Amino acid sequence: MSGRRLLLGNEAMARGLVENGCRMATSYPGTPASEILSAVAQFKLAEKLTMHVQWAVNEKIALEIAYAGCMTGLRTAVSMKQVGLNVASDPFMSAAYMGVKGGFILISADDPGPHSSQTEQDSRMVAMTAKVPVLDPDSPRQAKEMIGAAYALSEAFRTPVMLRPTTRVCHSRQDIELLPVAAAAGIEAKFDRDPARWAATPKFRHKLHLELEEKLAAIAAYAPTAPVRLNPEASARKAVVAAGVAAAHAREILQELGIWKKVALYQVRQPFPLHIAFIEHLLGAYRDILVLEETAGVIEMQLADRRRVKGKQSGTVPRVGELTPERIQALLGDFAGIRTRTVTVAGAPGRRPTLCAGCPHRASFFAIKKAAPRGIYTSDIGCYTLGMNLGAVDTVLCMGAAITQAAGFYHAFRRAKKPPDIVATIGDSTFFHAGIPALIDAVVQRVKFTLVILDNRTTGMTGNQPTPASGFGVCGEPLEAVDLESLVRGCGVTYCRTGDPYQLKDFIALTKEAVAHGRENGPAVLISRHPCILDRARKGERSAFVAVEVSDRCNGCGFCIKNFECPALIHHTEDKDHRRTTIDSALCAGCGVCLQVCPRGAFRTKKMR
Amino acid sequence: MTSSVRQQLLISGVGGQGVLFVTRLLAEAAIAKGLPVFTCETHGMAQRGGTVVSHLKVGDYHSPLVRAGQADGLLVLKSENLDQHSVFLKPGGWVVVNAGRNETVSVPGTAFALDADRLARDAGNAKSLNLIVLGYALSVSERMKTSRSRLFCTLADVEDVLKNSFKSKDTQAAAFLAAVKIGYSALTA
Ligand code: SF4
Ligand code: SF4
């Protein structure tokens with residue numbers, strides 16, 4: 001495998017890992033990081049590499065496995081999205097103290113915007129808290145190069161290294177040269193006992209912390225990752241300091257605005273620790289300094305004298321939202337003192353996403369609203385967050401919180417005269433990720449609520465990765481499958497039923513029964529099992545297609561549109577006297593669930609001609 | 001590599017319409033022609049029927065995004081997106097849009113409209129509308145007066161990509177190509 005190939009940023013990082021002899025790669029899927037691990041798996045299969053590649057149950061577990069791997073001298077890596085790092089931050093902080101033996105890279109993908117996340121948090125701040133160096137790539141190509149730089153840095157200073165791409169790096173594609181994969185077979189795992197390091201008690205931790213500070217000081221003088229001047233030809237009293245994609249935008253915009261030679265442009269490749277000599281040079285040589293970075297002011301806060309610095313602290317650069325090229329154009333124009341034609345891209349809402357036509361979650365939500373019409377609906381992270389459109393999702397906090405928030409609501413309403421029914425929804429993958437301790441807690445505390453596990457046999461939102469119940473891994477290799485029902489019962493739940501939401505009538509009855517039990521007796525679990533239709537399509541599977549049509553019983557009341565919201569249903573309201581609903585055959589998945597939705601029974605199966 | 005080609009395009013639609021596929025086809029065509037290419041895509045929740053947009057830059061670029069007012073052309077698979085995305089078009093740029101017969105399309109540049117939904121349905125594959133729009137854009141491009149406004153690639157380039165770069169089965173590649181050709185010949189029909 002060689003030559004120039006079109007690679008997604010995430011694939012480029014994966015390629016960087018295999019080219020640099022990574023022997024163990026782990027991850028938990030999350031946009032925008034998901035494709036990194038699948039691409040590692042593809043390269044592993046294509047190049048017949050000896051390495052361990054796995055989806056872990058959550059990010060903490062993923063990090064711990066890859067970290068232990070590097071303790072044996074192998075090069076390893078873990079990838080996740082930024083909020084996943086919150087879950088993995090416990091081992092990460094500690095790993096910084098203990099250091100590494102083989103190179104260890106944590107890829108944490110940020111999402112300024114945010115485009116597909118709960119927060120715009122900046123992973124570089126976590127690196128700072130952990131006292132770990134972090135690299136900030138501006139493109140897929142640079143992200144791939146930085147993998148090699150990160151391993152070198154990690155091994156030179158025996159420290160974990162964070163690589164922090166953003167969405168625009170992860171989900172860009174670029175033509176990239178493939179290099180041969182490293183012959184890593186030479187290195188064998190070897191563990192040197194050293195409890196003072198690997199099992200350090202607080203007394204030793206103090207010593208490790210001192211070591212860590214020494215490392216950081218040396219890393220702040222490490223030449224290979226030092227900032228670079230992109231336009232040495234410019235002679236100026238003004239400097240722009242940019243990192244990540246903002247540096248790529250700035251590079252292009254300065255040229256297009258014709259001010260390439262008017263302001264100095266520096267690219268910071270390692271935002272933390274910022275190189276000391278660079279700080280001194282910058283503050284000594286320039287009258288005005290503009291700092292462009294996403295999303296927090298990490299570089300900016302390391303510039304000791306901020307009087308000449310314009311950035312997030314001074315209120316010049318927005319602290320919220322993505323630094324789009326349009327924003328950067330306006331900032332650079334103002335900074336250089338020239339007028340630019342400012343075009344703002346209106347934050348038009350665009351079309352809101354919705355559950356797919358034929359998605360089994362839609363039926364589950366419909367049943368939940370029937371069974372507990374005035375309930376409080378706590379939910380979780382996944383496609384089913386879109387149950388919001390159906391009025392069946394009231395809260396979404398973070399992975400696993402559907403269950404704990406249900407518990408919190410229960411305790412809060414405990415003394416109310418008429419406590420509301422509480423129905424939590426959580427996906428199968430999210431349940432494995434963070435729901436299990438939450439469910440145990442609810443059992444112990446006798447929380448009276450109903451948990452509906454939306455078991456679509458896959459991790460849907462992020463591109464159909466396997467779950468612990470799938471029985472296969474990232475390379476398609478057979479693995480052990482965990483049985484969801486036994487797991488639920490193992491948590492101490494005594495009421496656990498399973499149903500198919502496509503059989504809507506029966507499923508509504510089942511949901512009513514579960515809600516009644518939950519209300520009176522404590523945790524009731526209902527597993528709503530039907531495979532994700534996208535996942536099935538991807539695997540080339542098909543289920544029977546139910547051809548549905550709308551008869552003239554339909555009076556266009558819009559009940560189905562409002563309460564069921566299948567994107568294949570079209571409501572015609574142009575003519576007030578002839579409102580009606582029809583089915584868009586291009587979108588209809590033939591699930592047949594709408595047959596059971598209309599109160600007037602207007603849907604019917606099409607007669608075969 | 002230095003090349004004189006510099007072209008910025010936006011491909012816009014809604015999740016499920018195949019915006020990503022068209023983007024990849026064009027990007028692969030650029031690679032096959034030895035041109036540097038940079039794209040930026042929408043992934044995640046928006047892919048569930050929400051607004052999806054790809055940026056595509058062919059030539060020497062550093063930033064993955066097209067700036068407002070800089071796009072040479074727009075491929076719009078859902079006409080309602082024009083409200084949101086025509087701001088990216090540069091003065092005098094072109095738009096190829098999938099729109100019904102009775103829709104009025106107003107953009108800052110030149111618009112070429114085609115009812116790709118209908119053509120796709122007539123061809124028995126509603127999902128092929130993305131390739132029909134692409135084919136239409138290729139034919140519109142050939143008729144442009146100045147070579148600078150033309151697309152960086154031709155029907156023949158796209159055909160090559162479908163045959164060589166995608167590891168799709170022959171029958172699938174043939175079906176894809178047929179859809180592109182429906183759009184390509186729509187102008188003469
Ligand atoms: S199909 Fe039934 S629910 Fe939908 S608009 Fe017609 S009458 Fe109302
Ligand atoms: S059968 Fe009904 S509910 Fe299912 S996808 Fe088609 S229109 Fe939607």
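**Terms and values**

Modeller: Chain B has 6 helices and 6 strands. The structure is a predicted model, in which local features need pLDDT of at least 70 and side-chain atom pairs count only at pLDDT 80 or more, while totals for chains, interfaces and linings use all residues. Residues are numbered from 1 along each chain as its sequence is written, chains are lettered from A and ligands numbered from 1 in the order in which they are written, and side-chain values use heavy atoms, without hydrogens and water.

Biologist: Why is B:R101 called exposed?

Modeller: Exposed means over 50% relative accessible area, buried under 20%, and partly exposed in between, with a 1.4 Å probe and protein chains only. B:R101 has a relative accessible area of 67%, and is therefore exposed. This residue lies in the loop between β5 (89-98) and β6 (110-114) of chain B.

Biologist: Which residues are in contact with B:R101, leaving aside its neighbours within four places in sequence?

Modeller: They are B:D115 and B:R118, contact meaning heavy atoms within 4.5 Å. B:D115 is 14 residues from B:R101 in sequence, and their C-alpha atoms are 6.5 Å apart in space.

Biologist: How do you know that the radius of gyration of chain B agrees with that of a compact globule?

Modeller: The radius is taken over C-alpha atoms, and the globule rule is 2.2 Å times the number of residues to the power 0.38. For 189 residues a compact globule would have a value near 16 Å; chain B has 15 Å, so the two agree. For the 609 residues of chain A the rule gives a value near 25 Å and the chain has 27 Å, which therefore also agrees. Along the principal axes, the C-alpha atoms of chain B fill a box of roughly 45 × 40 × 40 Å, and those of chain A one of roughly 80 × 65 × 55 Å.

Biologist: How many of the residues count as buried in each chain?

Modeller: In chain A, 57% of the 609 residues count as buried; in chain B, 59% of the 189 do.

Biologist: What is the buried area between chain B and chain A?

Modeller: Buried area is the accessible area (1.4 Å probe) that two parts lose on being put together, summed over both. For chain B and chain A this comes to about 3,700 Å², 56% of it on carbon and sulfur atoms. B:M45, B:R48 and B:R67 supply 24% of the area that chain B buries against chain A, more than any other three residues. In all, 41 residues of chain B are in contact with 45 residues of chain A.

Biologist: What makes a residue part of the surroundings of a ligand?

Modeller: One of its heavy atoms must lie within 4 Å of the ligand. Ligand 1 has 13 such residues, of which A:C554, A:C557, A:C560, A:T581 and A:C598 come nearest. Ligand 2 also has 13, with A:C566, A:C588, A:C591, A:G592 and A:C594 nearest.

Terms used:
Helix = DSSP H or I, 4+ residues; strand = E, 2+ residues; numbered from the N terminus.
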